[in-house]
Amino acid sequence: MQNILKRYFGFSSFRPLQAEIIRAVLAGKDVLVLMPTGGGKSLCYQVPALMREGTAVVVSPLISLMKDQVEGMAANGIPAAALNSMNDEAENLRIRAACVRGELKLLYVSPERLVAELPYLMRDMKVSLFAVDEAHCISQWGHDFRPEYAQLGALRQTFPGVPVIALTATADRLTREDIRKQLKLSDPAVFVSSFDRPNLSLDVRRGYQKKEKDRAILSIIARHRDDCGIIYCMSKKNTESVADMLMGHGIVAAAYHAGLPAEERERVQDDFIHDRIQVVCATVAFGMGIDKSDVRFVIHYNLPKSIEGFYQEIGRAGRDGLPAETVLFYSMADLVQLSKFAQESGQREINTEKLRRMQEYAESDVCRRRILLNYFGEPADTDCGNCDVCKNPPKRFDGTVLAQKALSAIVRTRQQAGAGTVTDILRGNFSAEVVKCHYGDLKTFGVGRDVPARDWRDYLMQMLQNGLFEIAYDEGNHLKLTDAGRQVLYDGRRVELAVVRKEEPRPAGRRLRPLRSAAVPVGPGSAVPEGEMPPRRKELFEALRLLRKRLADAQGFPPYIVMSDKVLQNLCEACPMTVEAFGEVSGIGEFKKERYGKDFVEVIRRYVEAGTARQGEK
Ligand code: ADP
Ligand code: MG
């Protein structure tokens, strides 16, 4: 096992559980693997595929995922192919023949193709194991049910002697049970790894309006000038307006949503994978087909529907294990919209509950990672130090008077106004609604003029979370006092509020400038946050990155398939001066050593020699 790991993948140790899982598969057992996105599930079937006689058949829901995997295998010198509807018939015939002759170690197939081939190709070839990737697609409980997966139950009976290994990043118990049942796994060994992804920073920004969001997003991207990222939006319209906004600032961005023609979606995904687009603004339709390892930031423009979805989406950042940033924007308008969706959905109670848990995360004033891990049944007993709450703990003050002002305004509208109008009343703004309803005559009109609107929005959200009022979703989203709210307003019950956090001021002297010209799509891809690497080493990193891009383009591979950012960083640290030493670096297997060693060593040597020369001049 260790030899295969080193020889083909260039890694010297397994991650937690990988070795145990591989041993179980080699022993012929059925296995269920639950690991977070980026946890390293693929190795769990790739290593046994290389060790067992025959060909491993891997079921994957998307052609783009198969392509990514086959390219990754090719880049490590492992014979693999994908059988799917995108190939022409000659190609498929060639692949079948190779399977029958036992020339492939891995064969990727779509679920419907697999089921169709059970009595034919699968019987003519020697199958070493079946791997069902993204196995949650088989469950109606999951968030991504695919009817084609439902027939995979036939596998277990048709091939009694061949181990079936199911893998997913969706951890909840119902989905897990469903996978086991639907796939008819026989007494499977179940492996649940930690769902923690400590390299992902967590940050929530509450109550921002469009302009503030745009400014914040531009400043995040400015910190990631050479890096790729994804911005998830609730609506198609938003994906387009955010992409337009970014392009207006010279950032190479594109929108992605289910309403686009298939070719356009494919082009965007492909450009993103090949570092020709820096930022994709997408609905949740984007992402499952993305195994790109160097996504450095994921931004949620709106509150997601559930923690499961949220965790999958941020999980697409930092698969290579290097630091990556996640930011969630959260506004009252999102909450109103999502509550409406949940109420109108077929599974009203479940969806409302899921939204409530998501909201708890967004409103939390304890370590956010604890909330996430707890949700996945993995209680953490220490704070993470890598979320906004840990880095900048909320400060509290006696907000009773502020709360009373807001509650009084709500009462005086006869509870017939929404949050926006209540804010206008507090601030003394003559908005259309205020004029129409004569709210300008209220005693509370303008009593909160000294507090910025942005802060009022924040306080109102805190008050909502504290249960002082409710939103009547079925009645124009008007705000209604609760008993707790009445106690505050009439009996002077004390209210604690958190001081509104202001965005950190931009570093002086560094204006937001156009990031890169849209006309010259230079590829992003650097993983290293500025200031983390000494400048000289950053120079080397850049040189290696260019070399990687050149080698990738020559072979038609995405750059991260040739080598991940993590491996480039390892190279920068180790500075191997010989091909032999190059082969020792983590992430370089034998195949990559032979193929790329000379080119990389040459660049590194030049860099080291230039450094020595400079030293000599001093
Ligand atoms: P998942 O399918 O669980 O989302 P992948 O299988 O795509 O994750 O692996 C994520 C990343 O982790 C890949 O870049 C892979 O090369 C890396 N990786 C997996 N196992 C190891 C290991 N034992 N040592 C170092 N890197 C690993
Ligand atoms: Mg995977």
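Predicted model: local features only at pLDDT ≥ 70, side-chain atom pairs only at ≥ 80, totals over all residues.
Let me begin with a pair of helices, α19, which covers residues 419–427, and α21, which covers residues 453–465; their axes come within 10 Å and cross at roughly 130°. The crossing of α19 past α21 is right-handed.

If we look at the residues that make this contact, α19 contributes Ala 419, Thr 423, Leu 426 and Arg 427, while Ala 453, Trp 456 and Leu 460 come from α21.

Now I would like to turn to Pro 188, which sits in the loop that runs between α9 (173–182) and β7 (189–192). Is Pro 188 buried or exposed? Its relative accessible area is 10%, and because buried means under 20%, Pro 188 is counted as buried. Leaving aside residues up to four places away in sequence, Pro 188 touches Asp 30, Val 31, Leu 32 and Arg 180. From Pro 188 to Val 164 the C-alpha to C-alpha separation is 8.9 Å, and the two are 24 residues apart in sequence.

Finally, the overall layout: the protein is divided into domain 1 (2–192), domain 2 (200–391), domain 3 (396–498) and domain 4 (535–617). The centres of domain 2 and domain 4, taken over C-alpha atoms, are separated by 32 Å, and the contact between them takes 11 residues from domain 2 and 13 residues from domain 4.

Key: Residues numbered from 1 in each chain as written. Chains lettered and ligands numbered in written order. Heavy atoms only, no water. Axes fitted to C-alpha atoms, helices over the stretch in contact; angles between N-to-C directions. Helix = DSSP H or I, 4+ residues; strand = E, 2+ residues; numbered from the N terminus. Left-handed = near helix turned anticlockwise from the far one by under 90°. Contact = heavy atoms within 4.5 Å. Buried < 20%, exposed > 50% of the residue type's maximum accessible area, 1.4 Å probe, protein only. Domains from an automatic or database assignment.
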